[in-house]
Amino acid sequence: MLPGQPSQTLLRSAIRRAQHQMLDRPLILYDPIAVDLVPEASEPDILAEFGSSDELLPAMLRALFAMRSRFAEDRLGQAAARGVRQYVMIGAGLDTFPWRQPDFARDMRIFAADHPASLIWTHRRLRERNVERPPNLTHAPIDLEEQRLAEQLAACGFDLEVPAFCTLLGVSQYLSGDALDSLLRFAASLKPESELVLSFAPPDDELAGLDLDDTIRAVARTTELGEPWKSRLRARELTDQLVQLGFGDVFHLSPELAQARYFAGRHDQLRAPRFEQLIAATMK
Ligand SMILES: C[S@@+](CC[C@H](N)C(=O)[O-])C[C@H]1O[C@@H](n2cnc3c(N)ncnc32)[C@H](O)[C@@H]1O
């Protein structure tokens, strides 16, 4: 990220989720407040950008952003059922979960952990839209390259002695190897029943066709924005690393599984992407 500047990429993710609400049926992620959450995600802007919902590449991006939140929230519901009462959204961006939280989350403490410049910016934008902060949401400013998540969260009231559910959605590619390792070690230090859901970008040699095209474009675009990709991960190696760190249950939502679970029977262009994939790792 550029020094002192909020992330630009967080806005693109929010716009894609808003586009999904307007352009796709059936919905993979129901996010009724995504549209109009920020002016850039208004109905006229969305319609102006995409005259048609049949374009392949935008459709895949909408599929990705909807799917990764849906998968994380499905897993969060299961974690809540086994008693987890803390949720940390690492690199939260404009994720709207706190404003549309289902009943199971109401007695959870939710932490939106993000770069200080991004947090200030998102907070200001939501205030401009009169979106009040829910009482169970705490902002936790952190630069993941410079600071330790455990310390920053503890300073915001996070309880290291009870389990937590953590997400890292669309963030790992922007982190250095050291920052990512430190974050994985933090997640592995959490109490049993804790869980980490993270998305990751596989290297080019695992991609082809539109998946590769999209990655090449994304790398160029985000580099231009001052947010270059720093980490590309292979599912097998990441799984091995998580197992070595002590996670007892590591689940890779492969593109094939994701397709069957979230996209079966669709007649549009939305399909499970290969260019960003998901892993859920649970402490036993
Ligand atoms: C592409 S956005 C994803 C936002 C959100 N998770 C979503 O799915 O919409 C990347 C997020 O990572 C955060 N981020 C990037 N580098 C960071 C760092 N060094 N420390 C803290 N947050 C960082 C940005 O502020 C931004 O919110």
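This dialogue covers the sheet and the pockets of a predicted model.

Reader: What conventions apply to this model?

Author: The model is predicted: local features need pLDDT of at least 70, side-chain atom pairs count only at pLDDT 80 or more, and totals for chains, interfaces and linings use all residues. Residues are numbered from 1 along each chain as its sequence is written, and side-chain values use heavy atoms, with hydrogens and water left out.

Reader: What is the strand order of the open sheet?

Author: Strands (E, at least two residues) and helices (H or I, at least four) are DSSP runs numbered from the N terminus. Two strands pair if DSSP finds at least two bridges between them. Here the 7 strands follow the order E3-E2-E1-E4-E5-E7-E6, with mixed pairing. E3 (137–141) and E6 (247–253) are the edges; each has a single partner strand, so one side of each lacks a neighbour in the sheet.

Reader: How many bridges join E2 to E3?

Author: E2 (residues 109–114) and E3 run parallel, joined by 5 bridges. One of the pairs is Asp-114 with Pro-141 in E3.

Reader: Which residues are closest to the centre of the largest pocket?

Author: A pocket is an open set of points on a 1 Å grid over the protein atoms alone, where a 1.4 Å probe fits, with protein on both sides within 12 Å along at least five of seven lines; lining residues have an atom within 4 Å of a point. In this model, Ser-7, Thr-9, Gly-170, Val-171 and Tyr-174 are the closest to the centre, out of 48 lining residues. H1 gives the largest share of that lining, 6 residues.
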